[in-house]
Structures are given as structure tokens and as C-alpha cells.
Amino acid sequence: MRRLRHGWVTTILVCLSSLVMLGGTTAAEERTYEDPFDYCAAVGTIDAPGSQYTGSPMPEVVIHKLKSALGMAADAPLSFLLYGSFWRCMEGEVYACTVGANIPCTTKADSSPEPAKPLQEFCRTQPNATVIPAVVTGRATIYDWRCSGGQPIIERQMWEIDEAGFLSDIWYRISRD
């Protein structure tokens, strides 16, 4: 009898292992969340809400907290934030960003110190430009670029990168309370 029970336990464990290896889901993976704070606490870090999040695409609590973080007037309309903002999870916390003046909320930061072709081409035509415009550098670069003798060079680093790879200065931590 004891041997039979042990055999069943082994069989069950092998089946469960196979299910996990074949991509089976567990109860924790199937759980859904309507609250962005509970969702982020569960998933940790994710670049955008996934299928487990079933709440509002832009939760009202996040909109109001982002409005405050941006220092917007109390009577400022929320529609701008509702349709031009994004949220994500980082280290179990909710973070939000609004696009504003072409702010690249959904783009990972470009930290490459190697000048891309558009920068090289710009400097060939304007060899001593003191600024390379964002339309050329891209809005996700962390550097302020200029031209010197026809070559793009980094003037200074303007932005920091957060743990998830985004520009940290444009994302605001949104607290539950």
C-alpha cells in the first residue's frame, strides 16, 4: 500500500512537471487583476499591462495621481491624460507617463554612444552645428549631440535610464495612497 501511494505521488509530480514544461498555466498565471496596484505587485516589472490586467486601460486613480505629479491645475481637463498617457509596472510599483511635447513614453531609452547614420549625415551637411535636433537624434536618446568638424559628438548626458530601460525623468511613480 505504501509503495502504491508513493507511485501515485511520483506520477502526479511527473505530470505536473510535464505540464509546466509544455507551457501549461498555473492558477497564479491565470489570475486577473482590475486594480493596477495589485496587478503591479503581482507581476513586478512589465513594459505595458498584459492580459492578466482586465481593468480600465487608463485607470482613473492613475490619471488623477499623474495629474498631480505633473503639477497640473486642479481644474485642468483629464481628457489630455486619459488619451495621451501610459502606465506600466516596475519593481511592483505603478509608473505613469504622458506624451506631452513628443515625449517617448513607450520607447526604451537610446543609450548608444555611437552616432547613428542620421546624425552622421546631418553633421556632414552642417559640420559645426552646436545642436543636432531631436528630429535627427530621436527623442529617446539620453545624450545631447552636436557636430564638430563634420562628426557627431556627445555634448552631455541629459537623461537617466530607469531599471526597465526607459527615460527615468518622464515616468512618475504613482502611489496607491
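**Exercise 1. Aromatic pairs**

How many aromatic pairs does a search of the whole structure find? Then classify the pair Y143 and W145.

*Solution.* This is a predicted model, where local features need pLDDT of at least 70, side-chain atom pairs count only at pLDDT 80 or more, and totals for chains, interfaces and linings use all residues. Residues are numbered from 1 along each chain as its sequence is written, and side-chain values use heavy atoms, with hydrogens and water left out.

Step 1: apply the rule. Rings of Phe, Tyr and Trp (its six-membered ring) pair if their centres lie within 6.5 Å. Planes under 30 degrees apart count as stacked, over 60 as edge-to-face, and the rest as tilted.

Step 2: count. The search of the whole structure gives six aromatic pairs.

Step 3: classify. The ring centres of Y143 and W145 are 6.1 Å apart and their planes meet at 85°, so this pair is edge-to-face.

Step 4: check burial (buried: under 20% relative accessible area; exposed: over 50%; partly exposed: in between; 1.4 Å probe, protein chains only). Y143 has 13% and is buried. W145 has 4% and is buried.

**Exercise 2. Helix α6**

Find which residues of α6 are buried, and where they sit around the axis.

*Solution.* Step 1: locate the helix. Helices (H or I, at least four residues) and strands (E, at least two) are DSSP runs, numbered from the N terminus. Helix α6 spans residues 117–125, and its buried residues are L119, F122 and C123.

Step 1: take the arc, from the directions of the helix axis to the C-beta atoms. These residues cover only 95° around the axis, so they lie on the same side of α6.

Step 2: look at the face turned away from the buried side. There α6 carries the exposed residues K117, R124 and T125.

Step 3: find the cover, by contact (heavy atoms within 4.5 Å). The buried residues of α6 are covered by elements including α7 (134–137), β3 (143–148) and β4 (151–157).
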